[in-house]
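Let us walk through a protein chain together, starting with its overall build and ending with one residue. Keep the picture open while you read.

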Amino acid sequence: MFYRDERLALFIDGSNLYAAAKSLGFDIDYKLLRQEFMRRGKMLRAFYYTALLENDEYSPIRPLVDWLHYNGFTMVTKPAKEYTDSMGRRKVKGNMDIELAVDAMELAPYVDHVVLFSGDGDFRPLIEALQRKGVRVSVVSTIRSQPPMIADELRRQADNFIELDELRDVVGRPAREPRAETAEEVTEES
């Protein structure tokens, strides 16, 4: 539930939201997403967190990062780490959990409601800490994918769970053709 006079902040775990939307077969239209939550309350900030491949001449996510930056999102990025696993496969690792948690705690005194776009169970203690400060927390993810993209403990801790699939008509667009690996497909291993 949202109240029109609430001060809102969005915290988008880019790789997690990308994976959840992909599992449901659609892409997020971030302009529509921002408009939807501006209608729901007084949005103070919309943060977007992602790791970037710095050594690639062209990063497929760069146009999205630039667009978000120029269209009212606060971008939080850091270089992704590239490595080769034991099977000889190229892997990319980039975890933004700490950055998101620190920003959410710093903003807590100035907001009434935080909307977290992630299903990562590691955020349960963050939600609990925000709630102790009097902040309501909604989590956006999906239980309709196989397996579900949201950790059960995260969904239970949140004040409100928003099923991403139910936002499809409001913030979605048809998924594009499969493309090369992007930074949003970065694994979140520690």
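What follows is a short tour of the chain, its sheet, its nonpolar cores and one methionine.

This is a predicted model, in which local features need pLDDT of at least 70, side-chain atom pairs count only at pLDDT 80 or more, and totals for chains, interfaces and linings use all residues. Residues are numbered from 1 along each chain as its sequence is written, and side-chain values use heavy atoms, with hydrogens and water left out.

**The whole chain**

You will find 7 helices and 10 strands here. Helices (H or I, at least four residues) and strands (E, at least two) are DSSP runs, numbered from the N terminus. How does the radius of gyration of the chain fit a compact globule? A compact globule of 190 residues would have a radius of gyration near 16 Å, and the chain, with 16 Å, agrees. This radius is taken over C-alpha atoms, and the globule rule is 2.2 Å times the number of residues to the power 0.38. Along the principal axes, the C-alpha atoms fill a box of roughly 50 × 35 × 30 Å.

Of the 190 residues, 47% count as buried. Buried means under 20% relative accessible area, exposed means over 50%, and partly exposed lies in between (1.4 Å probe, protein chains only). Contact means heavy atoms within 4.5 Å. Among contacts with a separation of 6 or more, 71% come from residues 24 or more positions apart.

**The sheet**

In the order S4-S3-S1-S7-S8-S9, 6 strands form an open sheet with parallel pairing. Two strands pair if DSSP finds at least two bridges between them. At the edges are S4 (74-79) and S9 (160-163), each pairing on one side only. Neighbouring strands are turned by 20° against each other on average, direction ignored.

Strand S1 is mostly covered, with 6 of its 7 residues buried. The table shows some bridge partners of its residues.

| Residue | Partner strand | Bridge partner |
|---|---|---|
| Leu8 | S3 | Met43 |
| Leu8 | S7 | His113 |
| Ala9 | S7 | Val114 |

S1 pairs with S3 in the parallel sense over 7 bridges, and with S7 in the parallel sense over 5 bridges.

Helices pack here too. H1 lies across S1, S3, S7 and S9 and runs at about 75° to S1. Helix H4 (residues 97-107) touches S1, S3, S4 and S7, and its direction makes about 175° with that of S1. Axes are lines fitted to C-alpha atoms, for helices over the stretch in contact, and angles run from 0 to 180 degrees between N-to-C directions.

**The cores**

A nonpolar core is a set of buried Ala, Val, Leu, Ile, Met, Phe, Trp, Tyr and Cys residues joined through side-chain atoms within 4.5 Å. Which members of the largest core touch the most other members? Of its 29 residues, they are Leu10, Ile28, Leu33, Phe37, Val115, Phe117 and Leu164. Elements that each supply at least two residues of this core include S1 (7-13), H2 (30-40) and S7 (113-117). A second, separate core of 24 residues includes Leu107, Leu130, Ala151 and Leu154.

Not counting residues up to four places away in sequence, Phe37 touches Phe2, Leu8, Leu10, Val115, Phe117, Ile162 and Leu167.

**One methionine**

Met38 is found in helix H2. Met38 counts as partly exposed because its relative accessibility is 40%. Leaving aside neighbours within four places in sequence, Met38 is in contact with Arg4 and Met43. The C-alpha atoms of Met38 and Arg7 are separated by 9.9 Å, although these residues are 31 apart along the chain.
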